[in-house]
Every structure is written in C-alpha cells, then in structure tokens.
Amino acid sequence: MLTKQRHQLILQRLSEQKVVKLKELVDLTNSSESTIRRDLTDLEAEGYLARVHGGATLIATPDEEPTFEEKRDRFVDEKVAIARKAATFIEDGMSIYLDAGTTTQAMVPFLEGKNIVVVTNSLPIANELFDLDIKTFVIGGELKRSTQALVGYNARESMMNYRVDLAFLGMNGIDLDAGYTTPDPEEALVKKTAIELAQTSYVLADASKIGKRTFSRVATLDAAQLITSSDASMSSIQTITKVVNAK
C-alpha cells in the first residue's frame with residue numbers, strides 16, 4: 001500500500017473514532033508497526049494528529065464545509081471577476097484541469113468557443129462543459145455529496161492518467177503559514193495531485209478565503225499562483241507567491 005493511501009486511511013479512521021491504537025492501524029493497512037509509527041510521526045509533523053502511548057489522537061476536526069448550493073450564492077460578483085481573469089490564461093490547444101467549486105464553475109461560460117480539453121472532478125462543471133460541446137474527461141472516485149466532487153485515493157489514481165497545461169483550483173483557506181488548505185483530506189489529496197500534474201497551477205479565491213486556514217493542507221503558497229479580487233493581506237502573501245488581481 002502506498003504511503004499516501006495509508007495516510008488517508010489513518011486520517012479517515014481518526015475522523016471516525018478520534019483515537020486509534022497502533023495495532024488497529026497495523027491491521028487496517030496491513031503494514032508493519034515500524035511503518036505505521038513513521039506514518040504517525042509524519043502526520044503529527046503536518047499537524048493532523050498527536051501521538052499518544054500505543055496510538056494517536058485527532059487534535060483537530062475538519063471544519064464543517066458549506067454545501068455547494070450554499071457557496072454558490074456567496075460573493076457572486078467577485079467570483080465572476082476572478083473566473084473571467086482566470087480564463088484569460090487559457091489558449092486554444094491547451095489541456096486544463098478544473099477543480100470542483102463555485103468559483104471554478106464560474107469560469108465555464110468564459111470557455112465557450114475555445115478549442116481545449118478539460119479534465120474535472122466536478123459533475124456540475126462536466127454537465128455545463130457538455131452543453132458547450134467542450135471535450136471533457138471526468139475522473140473517477142467517491143462522489144462527495146456536499147460539493148458534488150469526486151474525491152479520494154481512487155480519484156487520485158484516475159487523475160494519474162492525465163497531464164495538463166494549467167490547473168485551476170478552488171480553496172477554502174489561504175494563510176501565510178498554513179498555505180493552501182481545505183477541510184476534507186480526501187479532497188485535499190485531489191487538489192494536491194492536480195498541482196503535481198499541471199505545468200502551472202492557479203488558485204481562485206474570493207476575499208473570504210484570505211487569512212483563513214482549514215483542516216487539510218494542500219500545498220505551500222509557492223506551489224500555485226493566486227487569482228483574487230481582494231487586496232486583504234496581499235502584501236505578505238505576495239512575497240511568497242504571484243498574486244493576480246482580478247480587478
């Protein structure tokens with residue numbers, strides 16, 4: 001079993017039980033005790049858990065994430081401005097990844113008429129791209145009800161079949177120290193994979209995301225360029241990553 005897959009199983013079990021024993025994780029992952037101890041050490045260093053005698057405990061719980069419908073009606077004008085700016089980086093002949101999210105979905109109308117190929121983990125985005133007759137590949141994985149996104153280890157494995165020029169990602173938190181974060185480890189894995197597979201990655205974020213940190217770290221700020229219409233906290237963040245202002 002791959003390290004990333006073990007980490008996901010460990011975090012999933014912790015989110016269910018809050019405390020797990022070493023022996024339980026050994027059985028769950030079919031791994032040696034020394035391997036699980038290394039995994040727990042790595043996850044503790046990343047701030048996901050605290051090691052205790054004989055196992056580990058969850059030190060933070062994932063933020064309760066708003067549903068897709070709830071997020072769709074927030075910061076609408078700002079999201080459209082960000083999406084319009086993001087679409088200007090796309091040229092005919094490119095392949096792109098569109099992450100699940102309401103701001104990335106706002107890009108779709110600006111893609112009409114472009115000769116591109118899109119990979120996505122979002123069912124709503126895939127449906128809109130179909131209506132525009134844009135060639136689209138939908139990855140596999142577990143369907144997350146609240147965000148209508150395909151996530152998890154199987155989604156990552158599906159994504160490994162593709163390489164894209166540009167990746168456009170939604171994000172729940174952008175913090176100088178924590179970097180890019182999202183509440184769900186399963187969704188964080190997909191976002192992290194997209195960054196790995198793209199030549200250039202962009203994070204699309206409205207003002208509410210700046211200075212916020214959530215449960216699961218996706219990447220450091222220098223891993224992707226930030227497209228936002230907010231000037232808040234930009235002076236500090238701009239020293240680490242390129243910030244594109246949609247205004």
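## A glutamine in strand 14

Let's start with Q225, which sits in strand 14 (residues 225-228); strands here are DSSP runs of E with at least two residues, and helices are runs of H or I with at least four, numbered from the N terminus. This is a predicted model, where local features need pLDDT of at least 70 and side-chain atom pairs pLDDT 80 or more, while totals for chains, interfaces and linings use all residues. Residues are numbered from 1 along each chain as its sequence is written, and side-chain values use heavy atoms, without hydrogens or water.

Q225 has a relative accessible area of 18%, so it counts as buried (under 20%, with a 1.4 Å probe and protein chains only; exposed is over 50%, partly exposed in between). Setting aside neighbours within four places in sequence, Q225 is in contact (heavy atoms within 4.5 Å) with Y180, T200, S201, Y202, V203, T241, K242 and V244.

## Helix 2 against helix 3

The axes of helix 2 (residues 22-29) and helix 3 (residues 33-45) come within 9 Å and cross at roughly 105°. That makes the two helices roughly perpendicular, a label for angles of 65 to 115 degrees.

Helix 2 brings L22, L25, V26 and T29 to the contact, and helix 3 brings E33, I36, R37 and L40. By type, that's five nonpolar, one polar and two charged residues.

## One side of helix 5

Helix 5 (residues 76-87) has 12 residues. Its buried residues include E78, K79, I82, A83, A86 and A87. They cover an arc of only 165° around the axis, so they lie on the same side of helix 5.

Definitions and conventions: Axes are lines fitted to C-alpha atoms, for helices over the stretch in contact, and angles run from 0 to 180 degrees between N-to-C directions. Angles under 35 degrees count as roughly parallel, over 145 as roughly antiparallel, 65 to 115 as roughly perpendicular and the rest as oblique. Ala, Val, Leu, Ile, Met, Phe, Trp, Tyr, Cys and Pro count as nonpolar, Asp, Glu, Lys and Arg as charged, and the others, Gly among them, as polar. The expected span of a helix is 1.5 Å times one less than its number of residues. The arc is that of the directions from the helix axis to the C-beta atoms.
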